[in-house]
Amino acid sequence: MDAATLTYDTLRFGDFEDFPETKEPVWILGTKYSAITDKDEIFADVTSRLWFTYRKNFSPIGGTGPTSDNGWGCMLRCGQMILAQALICRHLGRDWRWVNGKQQRDEYYNVLNAFLDKKDSYYSIHQIAQMGVGEGKSIGQWYGPNTAAQVLKKLTFFDNWSSLAVHVAMDNTVIIDSIKMLCRSNSACEAAAAAAFPQADGSRPFNGYPTGASSSEDVLLWKPLVLLIPLRLGLSEINEAYIKTLKKCFMLPQSLGVIGGKPNSAHYFIGFVEDELIYLDPHTTQPAVEPFEDFSIADESFHCQHPPCRMNICDLDPSIAVGFFCSTEEDFTDWCQRIKMISQEKDALPMFELMDHQNTRFPDVHCLTPDFTDSERLERFFDSEDEDFEILSL
C-alpha cells in the first residue's frame with residue numbers, strides 16, 4: 001500500500017515494531033528514557049507531540065486551489081510539527097502530556113486551533129502554501145527544509161499571542177549577538193515592523209485563536225527563541241562524520257527535533273535509539289477537522305497513538321533543518337555552552353559554526369521584516385533553494 005494513501009485507522013491498528021530490547025538509552029527531544037523500563041513513558045511522550053498529516057476535504061487553498069495536500073504537503077506538515085512543539089514548550093512546557101479523552105488546558109486548544117486546515121488559522125496549510133509563493137514555491141509544490149523554515153519565520157510575525165523570535169541561521173553559521181538583538185526588546189525594530197505591516201497593532205485579529213487568546217500587555221525583555229538551522233550534511237547521502245553530532249542535538253534540553261527525511265518524502269524526527277532515528281510520519285490522509293462552537297476540538301487524530309516509526313540514521317537525506325527552543329536568555333546561553341562543548345569533542349564533527357559576532361561579509365538581518373524593500377537583496381544573498389546549501393565535508 002502506498003504510504004500516501006494510508007488511512008488513520010490503518011496506521012492506528014496496524015502492526016508496528018516495538019522498541020528494541022536494548023540497554024542503550026532512548027532520547028526524545030532532550031529527555032532520556034530506558035527502552036526496557038520506560039516504555040509507557042516513551043509512548044506517552046511521543047503521543048503528546050502534535051502529529052500533523054495529510055488532510056482532505058478542507059476549503060480550497062486560495063479560494064480555487066487544492067482541497068487536499070496529499071502527495072505534496074509532507075514537508076509543510078513537518079514544519080507545522082516542529083513549530084507546534086515550540087508552541088507547546090512556550091505555553092504548556094516540555095513536560096506537558098496529552099491524555100486521550102481528558103479535557104486539556106485552554107492554551108492547548110489555542111495552539112491546536114492555530115494549525116487547523118482553514119484559511120484564517122495562523123499556521124494552516126493554507127497560510128504556509130500561500131506564503132511559500134513569496135519563496136518561489138507555487139501552491140502544491142514540494143518544499144525543502146530551508147523553504148519550510150523561511151515560511152514559518154514569516155508567519156510567526158503575525159502571532160503576537162506567542163510572541164516568538166524566529167531565527168533561521170544561514171550559511172551553517174549561528175551568530176550569537178544577532179540572536180540576542182532579535183530576542184531583546186527593540187523599539188526600532190517594532191517601529192519598522194509597524195511601517196511594514198500597518199495592521200501590526202493591538203487591533204489586529206488573533207486569527208486561529210479564540211478571542212481570549214490575546215497577547216500580553218507586558219513587554220517581554222526576551223522573546224522566546226525558535227532557532228532553525230538548515231543544513232546539508234553531504235551530497236547524495238549523509239556524511240557519517242556528522243552522525244554523532246546529530247544525535248547530540250536530540251540530547252539537548254532545547255531540542256525541537258529535525259525536519260528532513262528521504263528525497264521528496266519528509267518526516268519529523270524527534271529522537272533516536274541506537275543507530276535508528278525516531279520520527280512522526282505525515283504520510284497519512286485524514287479528513288479535515290473543524291472546531292466546535294466553544295473552540296474545543298476533536299483532537300484524537302492529531303496525536304500518533306501507535307509506536308513511532310524508526311529508520312536507520314544512514315538512510316537520512318543530507319538536506320535537513322535542525323530546531324531548538326530557548327525560552328529565556330539564560331536558556332540560550334546554556335545552549336551556546338553545550339554546543340561549544342560538543343564542537344570540542346574530537347570524534348564529533350560540528351554541523352554548524354557558532355560565532356560571537358557578525359562577520360562583515362554577512363548583512364545584518366536581525367531587524368528586517370519579510371516585506372522590507374531590501375528583502376529582494378537578501379533573497380539574492382541567501383538563495384532559498386535547498387539544493388544550493390553550502391556542502392559540509394571533512
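Contact here means heavy atoms within 4.5 Å, and helices (H or I, at least four residues) and strands (E, at least two) are DSSP runs numbered from the N terminus. This is a predicted model, in which local features need pLDDT of at least 70 and side-chain atom pairs count only at pLDDT 80 or more, while totals for chains, interfaces and linings use all residues. Residues are numbered from 1 along each chain as its sequence is written, and side-chain values use heavy atoms, with hydrogens and water left out.

**Helix 2**
- In helix 2 (residues 39–48), the buried residues (under 20% relative accessible area, with exposed over 50% and partly exposed in between, for a 1.4 Å probe and protein chains only) are Lys39, Ile42, Asp45, Val46, Thr47 and Ser48.
- These buried residues pack against strand 1 (25–28), strand 2 (31–34), strand 8 (265–273) and strand 9 (276–280).

**Strand 6**
- Eight of the eight residues of strand 6 (residues 225–232) are buried, with Leu225, Leu227, Ile229 and Leu231 on one side and Val226, Leu228, Pro230 and Arg232 on the other.
- Strand 6 runs parallel to strand 4 (residues 165–168) through four bridges, where pairing requires at least two DSSP bridges, and Leu227 is the bridge partner of His167.
- With strand 12 (residues 319–326), strand 6 pairs in the antiparallel sense over eight bridges, and Leu225 stands opposite Cys326.

**Cysteines**
- With a disulfide taken as a pair of cysteine sulfur atoms within 2.5 Å, the count is zero.
- Cys78 is too far for a bond because the closest cysteine sulfur, in Cys74, is 6.3 Å away.
- Cys336 is in no disulfide, the nearest cysteine sulfur, that of Cys326, being 7.3 Å away.
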